Amino acid sequence: MVRAASAYFLDTPQQAAAAAMEAEIVPANFFQSSELKATDYREARLPEGFDPAAMVKFFDGVAGQATDTSALVSVAQMAIQAADVAMQSKIAQQRDVLSQAEKDQATLDRMLAEAKVKLQISAMESKLLTERQTTATRVTEARFQELMGMGKPQQPAENPHL
């Protein structure tokens, strides 16, 4: 294709043969002075009605995918903020549960201490009642033996003189 274009646009067949061997991408003398006018840079202007945004839309997606990264950052910030709010809510709930657990622990500590004192007092009362019961039982047995002894004939005391 390059060779054919070179042969068509070059002035002489010798130039065409040389160009075919060199395989130039844009052959020499491709642009002839009669086709393009030399323009002073200061005079160069975009055509009236040229819309650069339309040109961008035309090429958008051709060269690659354009993504608004500020939207990604905004979504990331919202996600992080939502996660932070959820975590703070969870922590607040955990603090409430911990506070209640610590109150319950203090209540049980107090109840245990009171129960130990009450049980120790009850144990001492039980011991005193047991001792009184034991004493009463021994006295009762002694009285019963005395009563039973009243109905027996008395044996004569042995005579020490004999």
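Here is a short tour of this protein chain, from its overall fold to a few side chains. The model is predicted, and the chain's average pLDDT is 78. Its secondary structure consists of four helices and zero strands, so welcome to an α-α-α-α pattern along the sequence.

**Confidence along the chain**
- A pLDDT of at least 70 is reached by 60% of the residues.
- Helix H4 has the highest confidence, with a mean of 94.
- Confidence is lowest in helix H2, which covers residues 13-22 and has a mean of 55.

**Surface and burial**
- Of the 162 residues in the chain, 3% are buried.
- The chain's accessible surface is about 15,500 Å², and carbon and sulfur atoms account for 60% of that area.

- The whole structure holds one salt bridge, and its partners are Glu-114 and Arg-110.
- Their closest N and O atoms lie 3.7 Å apart.
- Both residues belong to helix H4, where a spacing of four residues puts about one helical turn between them.
- Glu-114 is partly exposed, at 47% relative accessible area.
- Arg-110 is partly exposed too, at 43%.

**A nonpolar patch**
- Phe-144, Leu-147, Met-148 and Met-150 make up a nonpolar patch on the surface.
- Together these four residues have about 460 Å² of accessible area.
- Leu-147, one of the patch residues, sits in helix H4, which runs over residues 69-150.

Terms used: Residues are numbered from 1 along each chain as its sequence is written. This is a predicted model: local features need pLDDT of at least 70, side-chain atom pairs count only at pLDDT 80 or more; totals for chains, interfaces and linings use all residues. Side-chain values use heavy atoms; hydrogens and water are left out. Patches are made of residues with over 30% relative accessible area and no salt bridge: like charges are joined within 9 Å, nonpolar side chains (Val, Leu, Ile, Met, Phe, Trp, Tyr) within 5 Å. Accessible areas come from the Shrake-Rupley method with a 1.4 Å probe; for residues, only the protein chains shown count as cover. A salt bridge is a side-chain nitrogen of Lys or Arg within 4 Å of a carboxyl oxygen of Asp or Glu. Helices (H or I, at least four residues) and strands (E, at least two) are DSSP runs, numbered from the N terminus. Buried means under 20% relative accessible area, exposed over 50%, partly exposed in between (1.4 Å probe, protein chains only). pLDDT is the predictor's confidence in each residue, from 0 to 100.
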